[in-house]
Amino acid sequence: PAVRSVPHCCTSAQVEEMASNIVKRLRPLLDRVLIERVKPLERTVGGVLLPDTAQAKNNEGTVVAVGPGMRTRDGNVVPVDVSVGDRVLLPEYGGSNVKIEDKEFVLYRADDILGVLEK
């Protein structure tokens, strides 16, 4: 799948490489989406280091892998609305935590994703 938007922390080539490595290890089923949460800011614009308690919970993530979609009763596949590389808005709670190669990801159903963030 093509990368439509690139996280500010990575180049598009890095996102594609990371996605291909992860997809080799985990392929989400049905309408599930594997997401890597964006790290919250650890420093202010002025360079002040923020403690964990002062950091805002970040509800953004980058889509790493996408399942094929849900099947209807007729057997047709309804594709997922997001694609690899999309920046998405996530709910505060939910999802299943997954750890692959010392990286932490969250597995959500497509219905749980609140929206796609455009640049």
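Predicted model: local features only at pLDDT ≥ 70, side-chain atom pairs only at ≥ 80, totals over all residues.
Student: OK, in what order do the strands of the open sheet run?
Tutor: Six strands form the open sheet in the order β6-β7-β1-β2-β5-β8, with antiparallel pairing. Strands here are DSSP runs of E with at least two residues, helices are runs of H or I with at least four, and both are numbered from the N terminus; two strands pair if DSSP finds at least two bridges between them.

Student: And which strands stand at the edges?
Tutor: Those are β6 (96-100) and β8 (115-117), and each has a single partner strand, so one side of each is left without a neighbour in the sheet. On average, neighbouring strands of this sheet are turned by 45° against each other, direction ignored, where the axes are lines fitted to C-alpha atoms (for helices over the stretch in contact) and angles run from 0 to 180 degrees between N-to-C directions.

Student: How many bridges join β1 to β7, and how many join β1 to β2?
Tutor: Four bridges join β1 to β7 and five join β1 to β2, with the strands antiparallel in the β1 and β7 pair and also in the β1 and β2 pair. Valine 33 has tyrosine 108 as its bridge partner in β7, and arginine 37 has glycine 61 as its partner in β2.

Student: What about the hairpin of β6 and β7?
Tutor: β6 and β7 pair in the antiparallel sense over five bridges, and lysine 99 stands opposite glutamate 104 in β7. The hairpin has two residues between the strands, and glutamate 101 takes a positive phi near 50° there.

Student: Back to tyrosine 108: is that residue buried or exposed?
Tutor: Tyrosine 108, in strand β7 (residues 103-109), counts as buried because its relative accessibility is 1%; buried means under 20% relative accessible area, exposed over 50%, and partly exposed in between, using a 1.4 Å probe and protein chains only.

Student: What is tyrosine 108 in contact with?
Tutor: Leaving aside neighbours within four places in sequence, the contacts (heavy atoms within 4.5 Å) include Asp31, Val33, Arg37, Leu90 and Ile113. The side chains of tyrosine 108 and arginine 37 are also joined by a polar contact of 2.8 Å, a term for a pair of N or O atoms within 3.5 Å in which, within protein, one must be able to donate a hydrogen and the other to accept it, residues adjacent in sequence counting only if both atoms are side-chain atoms.

Student: Which residues make up the largest nonpolar core?
Tutor: That core has ten residues, namely Val33, Ile35, Val63, Val80, Val82, Val88, Leu90, Val106, Tyr108 and Ile113, and the elements giving two or more residues to this core are β1 and β7. A second, separate core of six residues includes Leu34, Ala65, Phe105 and Leu107. A nonpolar core is a set of buried Ala, Val, Leu, Ile, Met, Phe, Trp, Tyr and Cys residues joined through side-chain atoms within 4.5 Å.

Student: Where is phenylalanine 105?
Tutor: Phenylalanine 105 is placed in strand β7 and counts as buried at 1% relative accessibility. Phenylalanine 105 and leucine 34 are 71 residues apart in sequence, yet their C-alpha atoms are 6.6 Å apart in space.

Student: Switching topic, how many salt bridges does a search of the whole structure find?
Tutor: The search finds two, a salt bridge being a side-chain nitrogen of Lys or Arg within 4 Å of a carboxyl oxygen of Asp or Glu. In one, arginine 109 pairs with aspartate 31, the closest N and O atoms being 2.8 Å apart, and this pair links a residue in strand β7 with one in the loop between α1 (12-25) and β1 (32-37), 78 residues apart.

Student: And what does arginine 87 pair with?
Tutor: Arginine 87 forms a salt bridge with glutamate 60, with 2.2 Å between the closest N and O atoms. Arginine 87 lies in strand β5 (residues 87-89) and glutamate 60 in strand β2 (residues 60-66), so the pair ties together parts that are 27 residues apart in sequence. Arginine 87 is buried, at 9% relative accessible area, whereas glutamate 60 is partly exposed, at 25%.

Terms used
Residues numbered from 1 in each chain as written. Heavy atoms only, no water.
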